[in-house]
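Let's take a walk through a protein model together. Have the sequence and the 3D view open, and look up each residue as it comes along.

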Amino acid sequence: MNIQQLYYFKSLAKYEHYGNAAKENLISTSSLSYSIASLEEELDTTLFIKSGRNIKITCSGKIFLEYANNILNNYESCLKEITAFSKEQLNSINLISIDSLSSDFIANLLKEFNTSFPKEKINFKLSTGTDSNFVVESVKSGKCRFGFCNRIDDPLIINYSLFKEEFVLIAPKNRYHFIDKISDFSIFENTNFVAFNESYPMANNIKKIYQAYNFHPKILYNASSDIQLHSFVESGLGPAITLNSEKIKHSNVDVFKLDKLFERDFSFIWLQGSELNKNELEFKKFVMSYFKNKKF
């Protein structure tokens with residue numbers, strides 16, 4: 001039994017005439033007769049009986065017709081849902097990035113893509129994760145097709161290095177003046193510092209930087225996000241160590257480099273062996289080429 005047989009049966013039940021049913025299905029009457037006979041043999045019952053020049057559906061046929069209609073209705077609903085889902089999948093891409101990534105970064109990237117591919121009309125759905133592990137797990141589970149995060153080596157994940165971001169010291173405007181890179185934090189011995197909350201993903205990395213300089217900052221203000229940290233520093237609450245990201249360029253602070261290099265390796269990730277559709281492949285190639293010659 002197959003779906004096509006059910007459609008043939010439904011037509012024959014409607015017309016109770018082989019010629020009309022065959023015409024509706026664009027087949028010969030002999031092909032229709034053979035298909036119905038095969039169905040009756042499989043069901044071990046008679047679905048139609050002769051009635052003069054026409055045929056009549058039997059009681060068994062009426063029972064089977066109810067089930068056939070349910071099967072065909074479910075089949076057609078399934079096809080519609082799958083088609084709609086496939087269309088949505090083709091025209092949308094789910095992305096995820098870590099919270100500490102500048103929102104301008106993603107906005108500029110997507111703007112450039114839409115400018116380069118104006119006919120694609122892709123609906124980008126962006127979500128954020130608290131840390132890189134969350135981003136990786138979202139990509140591995142299939143919730144998101146691509147991710148932007150710190151490099152994490154995982155056999156199931158492809159990492160494409162985009163750029164490196166350097167950790168720097170930011171300070172209230174015109175409060176400090178350094179000719180060279182900062183090599184000694186003793187000048188900040190009695191200074192109130194701004195820092196991320198301990199639960200923030202970068203907090204531990206920044207703590208290691210202070211330890212590398214054998215310095216224990218007096219942290220009086222804790223921030224829960226990049227924007228909040230920059231706002232605290234802009235308001236004069238104190239200096240802070242953070243990434244020299246795009247957000248820094250739009251903050252009214254002074255930026256000082258450290259004489260020891262601390263960086264974040266930032267990657268574009270996707271699932272190893274994942275099947276990408278045409279638009280996803282275009283986006284992947286675009287992101288990789290977009291960063292080839294860019295400097296951050």
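Predicted model: local features only at pLDDT ≥ 70, side-chain atom pairs only at ≥ 80, totals over all residues.

Two residues are in contact, or touch, when they have heavy atoms within 4.5 Å. Residues are numbered from 1 along each chain as its sequence is written, and side-chain values use heavy atoms, with hydrogens and water left out.

We begin with the helices at the start of the numbering. Helices here are DSSP runs of H or I with at least four residues, strands are runs of E with at least two, and both are numbered from the N terminus. Two packed helices are described by the angle between their axes and the distance between the axes. The axes are lines fitted to C-alpha atoms, for helices over the stretch in contact, and the angles run from 0 to 180 degrees between N-to-C directions.

Find helix α1 (residues 3–15) and helix α3 (residues 29–43): they pack at an angle of about 105°, and their axes are 10 Å apart. The two are therefore roughly perpendicular. For such labels, angles under 35 degrees count as roughly parallel, over 145 as roughly antiparallel, 65 to 115 as roughly perpendicular and the rest as oblique. On the α1 side the contact is made by Q5, Y8, F9 and L12, and on the α3 side by L32, S35, I36, S38 and L39. Sorted by class, these residues are 6 nonpolar, 3 polar and no charged. In this sorting, Ala, Val, Leu, Ile, Met, Phe, Trp, Tyr, Cys and Pro are nonpolar, Asp, Glu, Lys and Arg are charged, and the others, Gly among them, are polar.

Helix α2 (residues 18–25) also packs against α3, at an angle of about 100° and with the axes 9 Å apart. That makes α2 roughly perpendicular to α3. Here Y18, G19, A21 and A22 of α2 meet T29, L32, S33 and I36 of α3. This contact has 5 nonpolar, 3 polar and no charged residues.

In the loop between α1 and α2 sits E16. Is E16 buried or exposed? At 18% relative accessibility, E16 counts as buried, where buried means under 20% relative accessible area, exposed over 50%, and partly exposed in between (1.4 Å probe, protein chains only). Most residues other than glycine have a negative phi. The phi of E16, however, is positive, near 50°. N214, in the loop between α7 (203–212) and β8, also has a positive phi, near 55°. At 66% relative accessibility, N214 counts as exposed.

E16 is also one of the residues touched by I57, along with F9, A13, L47, F48, K62 and L65, not counting residues up to four places away in sequence. I57 belongs to strand β2 (residues 54–57) and is buried, with a relative accessible area of 14%. The C-alpha atoms of I57 and Y213 are separated by 91 Å.

Now for the nonpolar cores, which are sets of buried Ala, Val, Leu, Ile, Met, Phe, Trp, Tyr and Cys residues joined through side-chain atoms within 4.5 Å. The largest has 31 residues, and F148, L162 and F283 have the most contacts inside it. Among the elements giving two or more residues to this core are β3 (92–98), β5 (146–150) and α10 (278–290). The largest share, 5 residues, comes from α5. Beyond its neighbours within four places in sequence, L162 is in contact with F105, F148, F266, S267, F268, V287 and F291. A second, separate core of 30 residues includes A171, F188, I206 and V233.

Our last stop is helix α8 (residues 226–234), where H230 is found. H230 is buried, with a relative accessible area of 4%. Which side chain makes a polar contact with the side chain of H230? It is that of S251, at 3.5 Å. A polar contact is a pair of N or O atoms within 3.5 Å; within protein, one must be able to donate a hydrogen and the other to accept it, and residues adjacent in sequence count only if both atoms are side-chain atoms.

The loop between β8 (218–223) and α8 holds S225, which is partly exposed at 26% relative accessible area. S225 touches F196 and Y200, not counting residues up to four places away in sequence. A polar atom of the S225 side chain lies 3.2 Å from the backbone nitrogen of Q228.
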